[in-house]
Each structure stands twice: as structure tokens, then as C-alpha cells.
Amino acid sequence: MAAATSMRLTLIPFLFLLFAGCAAVTPDVPVAPKPEVVAPKPISPPPNAMAPAPSTPLPVPAATTSHTGPSTAVTEKKSAARGTETPVAATRPPAASASSVTVAKPATPPATAPPQPAAPPALDLNALKEQLKETKAIGVFTKLTLKNQVDDLLQQFRDFYQGKAKVTMAQLRRSYDLLLMKVLSLLQDADQKLASAIVASREAIWGLLADPKKFATLEG
Amino acid sequence: MINRTPVLIQALFVAAFIAGPSLAAGDEELKKDMTAVIALQGLACGQVVAVEVNAENDYACTCKDGNRYRVYVSAAGRVVVEKQK
């Protein structure tokens, strides 16, 4: 009797583990992460005319006068009906329209120069290859399939430079872009760093492939 | 001797609880891999819902849309996807 009781007591934690283990199993259908809303802020005010007006009137942006869609058109009609539309010239800053104003040169140049666009990083093909081999974002079979397709593309370039193939450089470029798109679509969610590195090296790699001399060195 | 049986049962329970989820995760990884391979070949599948192992590097995949494919590595080292009837 005592042995049976002690056995029951010792089984309780394992039953707990059982339920915990079942709860930890991932569902069959992966839940997609909620996409971030990156839509630009609408430039036209809400079309609801019955909405209460703000206590301080907001400045109407100049873009609302352009025909961007039906909601803007409705807004324009409503504002015209209310007689609040301001002429375009009135919304311009006075300094811009005054031709007699002399433009004074700044006494000192701006302290900080505008930021220069970042130079593309140097291509390290071997490092990229290693990273592609090591990444866990792609399964083994997928990596092997991609390698096969890269080899096929290289063969097409080889045939092109030897005059064997009847493909054009534009077709090769399309094949290259498609292959890169496949790689990026596989990587972009699970290994964003590598995906970014490949995107950054895109034109540099094409530069190697599209130049027969550089391609020859790549082969050797 | 009598006291060893509950211990053995408990050990089996623990092994099953720990191995179950990890096996399921590995299975999901394989399905995802096969889905990507079939998609890379431009074949219709949608999503692989079941994978059977025929041999080493040789799988039979069943897709969500009902298509079945054999995915294997050929002697030349190429991944081959064959549609099954």
C-alpha cells in the first residue's frame, strides 16, 4: 500500500512533464509574424465631414491639392464647398516668392557636411560561401539544390564565353537575378544578416560574372 | 527487484516526453527543407505535409495539394525531384 502511494507521488512530476511537453509542441501551421505596418501616413484629412474639428486648425499640406485618389477628391470638394480652400500662391512661404530680397550668404559654412552614402562593402566571396554553408536558415537539401543551380548558371556563363551557348547576356542576367531572389527568399526571414550581405554584394558578384577576364580568374 | 519496475516506467515516460517534441521539431525541419527543394525546382506543391524516408538521402514527400514527389541525391551529387503518380 505504501509502495503504491509512493509510486503515485513520484509519477505526479512526470505527468506534469507530459502535459508540459505536449503544450510545447509547435503547431503544424506556423504562425506568421505580424507584419509591421509601413504604409505612409495619409496626407489628406479624414473624409468624415461630421468629425469634430480640432481646436487649433492644422496646416493643410500642399500635397492635398494633387489628385492622389478618390478620398482626396472628396476632400477637395468638401473644402471647396466650405470655402476654405486657399490659393496655392498663398500657401507658399513669402521668402520664396519675393524676388527683390537679396540672398545673404551665410557667414560661416555649416559645421557638419551632409552624410555621404555608405560605400558598398568589399566583396568577400569566400566569406559569403562559408556563411551560406554554415547558415541554419536553409536545410541541407535546399543548400545542395541551390549549389546545383549555381553550378548550372556558371556552366551557362562558361558556354556563353566559349561561344557554345546561344543565350544572351540579358538572359544570363535574368537567370542570375532569379537565382539570387531564390536565395534571398530563403534567407531573409531566418538570417537577415547574410541576406543583407548578399544584397550588398549583388552587383559586385555580377561584375565578376559579366567580365570574361574576371570570370576566368574565378574559374581558376 | 519490485522497486525497479516503477523506476523503469518513469524513465520511459521521461524519455518519451523529451524525445517527442524534439523529434517533431526535426520532422518539421525536414518538411520545410523538402518544401523549399520542391519549390526551387519550380514544381507545384504548396507545402510538404508528410515525409517518408525511403533510404539515406531519399525521401517520399506528400504535398498539401495532393502531389507526391520523390526527392533524392543522385550519384552525381544532384538533388533530383521526381513526380510520383
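Predicted model: local features only at pLDDT ≥ 70, side-chain atom pairs only at ≥ 80, totals over all residues.
1. Let's begin with chain A. Of its 220 residues, 5% count as buried. Among contacts between residues at least 6 apart in the sequence of chain A, 53% join residues at least 24 apart.

2. Chain B is the place to look for a sheet. Four strands form an open sheet there, in the order β1-β2-β3-β4 and with antiparallel pairing. Because β1 (48-55) and β4 (79-84) of chain B stand at the edges with a single partner strand each, one side of each has no neighbour in the sheet. From one strand to the next, the twist averages 25°.

3. You can follow the pairing strand by strand. β1(B) is joined by six bridges to β2 (residues 58-63) of chain B, and the two run antiparallel; here V48(B) has C63(B) in β2(B) as its bridge partner. Five bridges pair β2(B) with β3(B), again in the antiparallel sense, and R68(B) in β3(B) is the bridge partner of T62(B). Between β3(B) and β4(B), which run antiparallel, there are six bridges, with V80(B) in β4(B) as the bridge partner of Y72(B).

4. Two glycines in the hairpins deserve a glance. The hairpin of β2(B) and β3(B) has four residues between the strands, and G66(B) takes a positive phi near 95° in it. In the hairpin of β3(B) and β4(B), with five residues between the strands, G77(B) has a positive phi near 85°.

5. What does the largest nonpolar core look like? It has 21 residues, and those with the most contacts inside it are M34(B), V37(B), I38(B), C61(B), V71(B) and V81(B). Both chains contribute: α6 and α7 (169-187) of chain A, together with α1 (4-40), β2, β3 and β4 of chain B, each supply at least two residues of this core. The largest share, six residues, comes from α1(B). As general background, nonpolar side chains tend to be buried together in soluble globular proteins.

6. Which residues does V71(B) touch? Leaving aside residues up to four places away in sequence, V71(B) touches F141(A), M34(B), V37(B), Y59(B), C61(B), V79(B) and V81(B).

7. Back in chain A, have a look at two helices that pack together. Helix α8 (residues 192-210) and helix α9 (residues 212-219) of chain A meet at an angle of about 95°, with their axes 5 Å apart. α8(A) and α9(A) are therefore roughly perpendicular to each other. On the α8(A) side the contact has G207(A), L208(A) and L209(A), which meet K214(A), F215(A) and L218(A) in α9(A). By class, this contact of α8(A) with α9(A) has four nonpolar, one polar and one charged residues.

8. Is D189(A) buried or exposed? D189(A) has 11 C-beta neighbours inside 10 Å, so it counts as exposed. You will find D189(A) in the loop between α7 and α8 of chain A. D189(A) and A137(A) are 52 residues apart in sequence, while their C-alpha atoms are 8.2 Å apart in space.

Technical notes. Residues numbered from 1 in each chain as written. Chains lettered and ligands numbered in written order. Pairing = 2+ DSSP bridges. Axes fitted to C-alpha atoms, helices over the stretch in contact; angles between N-to-C directions. Buried ≥ 20, exposed ≤ 12 C-beta atoms within 10 Å, placed from the backbone. Contact = placed C-beta atoms within 7 Å. Core = buried A, V, L, I, M, F, W, Y, C linked by C-beta atoms within 7 Å. Parallel < 35°, antiparallel > 145°, perpendicular 65-115°, else oblique. Nonpolar A, V, L, I, M, F, W, Y, C, P; charged D, E, K, R; others polar.
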